[in-house]
Each structure stands twice: as structure tokens, then as C-alpha cells.
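Thank you all for coming; I would like to take a few minutes to walk through one structure with you.

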Amino acid sequence: LALAPVAAPPASVDGFVRRFLQNLNFDQGVALSTSDDNDRYLALAGTVRDYLMARWLDDQAQQSRQQSKTVCYLSAEYLLGRQLDNNLLAARLTEIATEALAQCGIDIDDLRALEIEPGLGNGGLGRLAACFIDSLATMSIPTIGYGIRYEYGIFRQAFADGQQVEQPDAWLRLGSPWDFPHPEAAQTISFGGRTETYDDDGVERTRWVPEWNVLAVPYNMMVPGYHNGRVNTLRLWRAVATNAFDLHTFNSGDYVASVRAQTFAENISKVLYPEDSTPQGKELRLQQQYFFVAASIADFVEHVLPDGFDLTKLPERVIFQLNDTHPVIGVPELMRVLVDEKGMEWDAAWAITQKCFAYTCHTLLPEALEVWSVDLLGRLLPRHLEIIYRINDAFLLEVRERFGDDEMLIRDMSIIGEHPFRSVRMAYLATVAGSKVNGVAELHSQLLRDNVLKDFARMWPEKFTNVTNGVTPRRFLRLANPELSTLITETLGAGWTVDLERLRGLEAYADDPEFRERFAAVKAANKRRLSRVLAARDGTTIDDGHLLDVMIKRLHEYKRQTLKVLHIVSAYDEIVSGRVPVEKVQPRTFLFGAKAAPGYAMAKHIIHLINAVGEVVNADPRVEGRLKVLYPSNYNVTLAESIIPAADLSEQISLAGKEASGTGNMKLALNGALTIGTDDGANVEIRQLVGDDNFFLFGMSEPEVEALWAEGYRPADFYHEDERLRRAIDLIAAGAFSGGDRSVFEPLISNLLYDDRFMALADFGSYLDAQERVDAAYADQDAWVRSAILNVARSGFFSSDRAMRDYLDRIWHATPVH
Ligand code: 26W
């Protein structure tokens with residue numbers, strides 16, 4: 001009997017060819033001669049998987065044998081991007097696979113293009129989770145990423161008459177070669193019902209009598225480390241109707257009802273909520289959250305831990321990292337497991353629970369802090385609500401002991417809020433329960449301590465810490481920018497992919513004319529590559545010599561895409577009104593990428609405006625060759641990988657104090673774009689590192705924003721005082737971009753003039769000044785390229801490997817297992 005996993009196929013072109021053909025014949029059931037590209041893609045993916053399989057099985061087996069601590073990353077989102085290239089790279093198979101397929105008469109690029117990326121996330125938070133699991137695998141940290149296998153990921157965005165339309169993202173339709181279902185490891189997850197007390201040998205205990213349940217079936221995905229032979233696991237749960245559920249209705253003779261029941265259960269993992277930062281309090285969303293967290297905790301306790309494990313030692317074996325508040329229902333769930341199911345005393349269980357969780361907050365917007373109505377939570381999870389109340393009672397006693405009977409303070413700190421309706425404040429629950437609470441950039445962590453969670457920070461200063469975000473250099477430099485990677489490797493050697501601080505070595509070349517020339521040639525080649533990508537999908541191009549100015553991120557008022565549009569409209573107006581001679585204008589292509597939450601009306605107006613301005617500007621011969629606006633639809637990880645290496649200018653223009661960190665800002669700087677940005681989020685740290693000379697700072701600081709609010713902000717004052725601003729706004733209001741129809745953008749204009757929560761008008765003047773500095777700087781290409789090189793050289797800090805080291809030192813205290 002073979003006890004060890006079957007070894008990987010030989011790492012040679014021959015070995016790869018043989019395995020590929022086997023997969024094509026035996027798994028896809030086709031001959032090479034009759035196969036289509038999708039068969040070939042699936043067989044290729046299967047082959048890469050085969051190479052990684054033995055390591056994966058070993059690492060999983062080791063996970064339950066070892067005594068070391070596992071990081072369980074709990075995240076409702078993983079925005080993974082395409083898998084094929086990443087996995088080829090990790091397994092050192094890129095060249096072998098390319099050559100092997102060529103021998104079969106196949107161009108691997110044709111197959112690459114077929115992969116549909118798993119878009120199981122909205123934006124920053126989901127992509128961060130994907131970067132983190134990549135780094136943890138590369139650093140040999142035992143990790144399980146837990147999440148949801150949504151059948152439909154983030155919607156596909158299309159434009160109709162310049163307006164966003166959403167289409168379902170059926171990412172599984174051509175097969176899913178990267179994951180493995182494990183129905184034998186399914187968990188039953190319960191909902192509803194009531195609680196009751198009972199006598200357990202003279203001890204009164206509580207138990208939950210649920211009303212309905214679903215099966216959570218795990219699908220495992222490989223998370224290969226880079227060149228270290230390690231393969232961690234991403235375990236995503238899919239909801240399936242339980243047999244009992246099904247049979248009961250089926251036996252009663254109502255077949256249609258039984259199918260309805262099935263549909264109801266399976267809805268739980270049907271679709272990713274496309275809301276980014278504005279929670280809707282929908283029941284299905286709470287079902288999703290409890291579903292995946294309960295399944296994950298049960299999985300870890302029952303399947304990952306060895307039989308008979310002493311649960312008082314749980315904190316030595318696991319840390320559950322809460323990626324924002326979405327998994328926080330895991331706190332009362334672990335308490336329920338320990339107290340109700342394992343018979344532990346409350347205080348002992350609470351001491352364990354507090355050590356097993358840590359919480360990362362990713363926002364500062366008050367409206368993004370999740371709350372669940374007590375009604376809803378009590379209906380869906382009655383036992384959990386009782387547990388939350390008990391946690392709160394004990395916590396408020398502690399507050400009284402510490403700060404006295406200050407009823408205002410008690411009301412402010414209570415996990416239960418009373419207005420506008422009785423609700424559970426999930427961020428407070430996470431803060432009370434977590435061993436640590438972290439923000440995602442220095443400024444953000446400071447604002448959490450000073451504002452959002454200030455009373456908690458007063459009570460437990462040592463709980464609060466910062467871990468500045470990071471991005472994986474494998475995907476966002478090595479894979480996305482192969483030419484720059486080659487240049488760096490030729491200059492510094494290969495070690496930078498796992499030790500990004502080595503990029504510092506490039507500083508010495510910033511003044512080397514030959515290196516500069518090569519660097520500039522890479523940027524130009526990346527622009528042409530992007531231009532070809534855009535030509536193929538949309539028929540648009542980027543002209544040579546244009547400064548490529550990019551703003552790629554979710555559409556949100558606080559991120560201020562409107563400020564960017566006002567700049568474009570103003571630049572356009574300056575030319576067509578004859579105030580600036582066209583030949584004096586630095587040619588620029590403005591490129592946007594952004595999806596809006598489907599229910600976010602103002603964000604959709606902004607999308608419409610960007611497209612409308614683009615249509616007019618791009619068709620106007622007076623600015624031809626000078627100004628161009630591109631807005632490719634359906635911005636996603638795959639498109640980001642083409643845009644980021646080509647960018648010259650990175651727009652990071654949120655209102656100070658609103659963007660928790662940003663991670664696109666890091667990816668762009670790392671690829672040699674210069675940032676124009678406010679003092680917000682991680683921009684602050686980027687500017688400190690790259691230096692003021694290589695960063696275009698503008699706008700109010702966070703304290704200045706606060707001061708302006710306090711004195712009373714009147715956006716119309718800025719409109720009246722700044723002629724360029726007035727002209728830009730008037731042009732939009734007059735219908736210049738809506739065929740003369742003044743009503744189209746009226747909601748947007750009146751919002752800017754009379755509300756402008758995110759103070760775009762207040763920062764407009766300073767923004768335009770900064771853009772003038774950009775033009776002047778770009779005119780001196782030598783100096784610009786030097787700055788771009790220094791941006792790359794000084795961005796090593798923003799590797800997610802560094803972020804993981806910070807989490808390990810400050811929060812997790814786990815160690816590598818080789
Ligand atoms: C629907 C409720 C909801 C609430 C908040 C959905 C999603 C959120 C997230 C916290 C929003 C988010 O993605 N935040 C971003 O997280 C990134 C990673 O830390 C940061 O870089 C961004 O600044 C932050 O906006």
C-alpha cells in the first residue's frame with residue numbers, strides 16, 4: 001500500500017508533455033487533434049496541479065501532526081486573480097510548460113487568455129487577503145485561508161450609453177480546475193429555532209435547538225509558496241441542501257417544495273455582495289457570514305486538530321484573524337462550541353476565545369461599520385445573541401470598574417447600540433474579544449485610536465497596533481511586469497522577489513544614463529503592451545509620448561473620482577477656450593478603472609460623467625493628440641496587471657482621513673509610477689519613503705479637514721472664489737457633456753455645490769497646482785525617470801512579506817514550519 005502521496009511528474013519538458021497529454025486524454029476525454037482551447041487550458045491547469053499535488057498532500061498531513069501554530073485567516077472575500085501563471089511561477093514551471101506546449105503545437109498565451117479570474121472579492125480588502133495568503137505560503141507559515149466559494153463573484157461591468165450595467169459573473173461555467181470539492185469533510189450549519197436550558201448532572205446548561213440547517217462543503221484551492229516547495233490551502237465553503245432537509249419535503253410528496261428548499265439553502269453561497277463599504281444589513285449576508293465562519297471553526301477543531309486535543313491549549317495552536325467585521329460572528333460561535341458543546345466553564349472559554357481572535361479594521365467611514373439588528377440576529381442565531389449579551393454584560397461591568405458609573409460612556413461603548421434601532425456593533429464586539437486590533441496604515445491606526453475606537457484604546461492601549469498593508473511582489477512585479485523584473489534581476493540578482501528591500505540597490509543606478517534608458521524603454525514597452533490589450537478589447541489605444549495618468553479603484557465619493565474629472569474638464573476647457581495654446585499642453589491619457597456598487601446612485605452618476613466627458617474630449621479635434629480619456633469596463637485583477645506596469649502617474653486623491661490605506665498606491669509606486677496624492681492612508685508612508693521630490697503632495701491634511709468641518713464647510717464658496725473651478729462646473733452644468741441636457745448631471749452638480757461631503761471643491765485648487773507640477777516634471781524626462789526609479793527602489797517596504805512579518809511579530813506569534 002502506497003502511504004506517501006504519488007511523487008510529482010519529472011520536471012522536464014518531456015515529463016510535462018506526457019502528463020499534459022494524459023490529462024487531455026483521460027480527464028478531458030479528447031485527443032490533442034480534436035481538442036479545443038478550453039480542453040487544453042483545463043488539461044494544462046490539471047498538469048500544473050499534478051506537479052504541486054504531492055507537496056500539498058504532505059503539507060496538509062503535516063498540519064495535523066505538527067504542534068505549531070496555524071494562522072486561520074477568516075475572510076468573506078478573496079480577490080485572487082488568475083491562477084495559472086502564478087502557479088507556474090511558484091512551481092518553477094513557466095519555461096518548461098511553454099516549451100512543452102510548443103512541442104504540442106500550442107501557444108501557451110492562447111490558453112492563458114482563457115482563464116476567467118475568480119473575482120471573489122470587491123476591492124482592497126479581498127485583494128489584500130489574496131496577497132497575504134501568497135506571502136504566508138512563501139514564508140512557510142502554516143496557514144488556512146477560510147472563505148466562501150461564491151458561485152457568482154463580483155459582477156461583470158458593461159457600459160450602455162456610458163452607464164454601468166451589471167452582468168452575472170459565471171466564473172465557474174467552463175470548469176474550475178483549481179479547486180477540489182471534499183464532500184466527505186462537509187459540516188452541517190444550523191440556523192434559527194430557539195434555546196433551552198436543561199439539567200446536565202445537576203448543572204444547568206443551555207443548548208440551541210435550531211430550526212433548519214445546510215451543508216457546508218469545502219472546496220480546497222492550492223496556495224503555492226514561491227520557489228519553496230510549500231503548498232498551503234485556501235478552503236472555500238459552498239452551501240448545499242442537507243439530505244434531511246430535502247428528504248423531508250420530498251417524502252411528503254411535494255417535489256417542487258423540495259427543490260425550493262434546495263434552492264433556498266444553496267442561495268447562501270450563490271453570490272458575492274457587491275457592496276463595498278456600505279453594509280445593507282441583509283439577512284442573507286448574515287447567513288453567509290455565519291455559514292462560513294461556523295464551518296471554518298468546526299473544520300479546524302474537528303479535522304485539523306488531532307483527535308482528543310486539549311482545547312484549553314487552543315491559543316497555542318491557532319489564531320483566527322478577522323478580516324474586518326464580516327467574520328466576527330465567529331466570536332460567539334467559538335464560545336458556543338466551547339461552552340455548550342464541550343462543556344467548558346464560561347470564564348475559561350472566554351479567556352481562550354480572547355486569545356484566539358485578532359481583528360483588522362479596514363475602514364474609517366462610520367457608515368461602513370457593520371451593525372446587525374438584534375431582531376434579525378436573534379431570529380437567525382438566538383443562542384449567539386444570548387452569548388453576545390453575556391459578553392456585553394461582563395464587558396460593561398469592567399468599564400464601570402475602570403471608569404466609574406458614567407452612563408454616557410457606557411452607552412457609547414456598549415456592544416449593543418440603541419439608535420436608530422437595537423443592534424449589535426460588530427466592530428465593538430471584535431475589539432472586546434480580540435487579543436489585538438490593528439489598522440492598515442500608520443495614519444489609519446492612529447485615527448482608530450483617536451476617534452473610532454478611542455474609548456477602547458483608553459481602556460486597553462496595548463491591544464491596539466498597526467500593520468501597514470503590503471502587496472505581493474510575485475504577482476504585481478514579477479508576473480505583471482516581466483521586463484522590469486528582468487532588468488532588476490540583471491542589475492541586482494534574483495533575491496528581490498522574496499526580499500523586496502533589496503530593491504534599494506537600484507538607488508545607485510538612478511543617475512546611471514544607461515540604466516535610465518533601459519528603465520524608460522521598459523515603461524514605454526509596457527504602455528504599448530497595454531495599448532494592444534485595450535485595442536483588442538475596446539478598440540482604444542494609448543498614443544506614444546502620452547503621460548499615462550491612472551485612477552484605478554472602486555468608485556466611491558470619498559476616493560474622489562469627481563476631483564479627477566474636474567481636472568480633466570478644466571484642462572479641456574483651458575484648451576478649447578483658447579486660454580492655453582494646445583501645443584503647450586503635455587499630452588496625457590487619463591485612464592479610469594472602477595466598478596460602482598449597483599445600489600450606489602451617486603457613484604453611478606460619476607461613472608456616467610466620466611464616460612460622457614470621455615466621449616466629448618476624445619471626439620474633439622481641438623484637443624486631438626493632447627487629451628484622451630479611457631475607461632475600460634470591468635476593471636479587475638487581470639486588467640490591473642496590464643495597467644499598473646504602464647502607468648506614469650498614480651492618482652491617490654481621497655479626502656485625508658478617509659482611505660484606510662490603499663494598496664493600488666503601493667503597486668503603482670513599485671512599478672515606477674509617481675504618485676499625486678493627499679496625505680491619506682499609506683500615501684503618507686509612501687511619501688516618507690520615496691521622498692517629497694518624488695511625490696506630488698496636495699490637499700488638506702486630516703487635521704485641516706477636521707478644522708474646516710468644525711468651522712462650517714460651504715463648498716459654494718470655493719466655487720465662487722476659483723475661476724477655473726467655476727468654469728469646469730459650469731461647463732458640466734450647462735450640458736456640454738450631455739448634448740445640452742442640463743438635467744443629466746444636475747444631481748451630481750448640486751451635490752458638489754451644496755453638500756460635497758468629501759470636500760472635492762476645497763482641494764481643487766491645490767490639486768490643479770500639483771498637476772501643473774506634474775506637467776513641468778514630466779517635461780524633464782531624465783529627472784522623471786530618475787524619480788520613477790527611486791519610487792521602485794524605495795517601495796520594498798510595501799511587500800506583503802513584510803506585512804506578514806509584522807503580523808507574526810505583533811499579533812500572531814506563529815513561526816515558519818519548513
Ligand atoms: C458591505 C460592508 C463592507 C464594509 C467594509 C464591505 C467591505 C468593507 C471593506 C472594509 C472595504 C474595503 O475594502 N476597505 C479597504 O481595505 C483595503 C485593505 O486594507 C484598504 O487598502 C482600503 O483603504 C480600504 O478602503
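What you see is a predicted model, and I will start with valine 550, which is buried because 25 other C-beta atoms lie within 10 Å of its own, where 20 or more are needed to count as buried. Valine 550 sits in strand β20, which covers residues 547–552. If we leave aside the neighbours within four places in sequence, valine 550 is in contact with Leu591, Ile643, Ala647, Leu649, Ser650 and Glu651. Glycine 378, by contrast, is 172 residues away along the chain, and its C-alpha atom is separated from that of valine 550 by 46 Å.

Let me turn to helix α4, residues 94–103, in which Ile96, Ala97, Ala100 and Leu101 are buried. Seen down the axis of α4, these buried residues fall within an arc of 120°, so they line one face of the helix. Just after α4, glycine 105 takes a positive phi of about 80°.

Finally, the ligand: 21 residues surround it, and the closest are Gly124, Leu125, His362, Ala660 and Ser661. The shell divides into six nonpolar, 11 polar and four charged residues, and it draws at least three residues from each of domain 2 (66–81 + 117–155 + 167–468 + 805–812) and domain 3 (500–699 + 762–796).

Note on methods:
Residues numbered from 1 in each chain as written. Predicted model: local features only at pLDDT ≥ 70, side-chain atom pairs only at ≥ 80, totals over all residues. Near = placed C-beta within 6 Å. Nonpolar A, V, L, I, M, F, W, Y, C, P; charged D, E, K, R; others polar. Domains from an automatic or database assignment. Helix = DSSP H or I, 4+ residues; strand = E, 2+ residues; numbered from the N terminus. Buried ≥ 20, exposed ≤ 12 C-beta atoms within 10 Å, placed from the backbone. Contact = placed C-beta atoms within 7 Å. Arc of directions from axis to C-beta.
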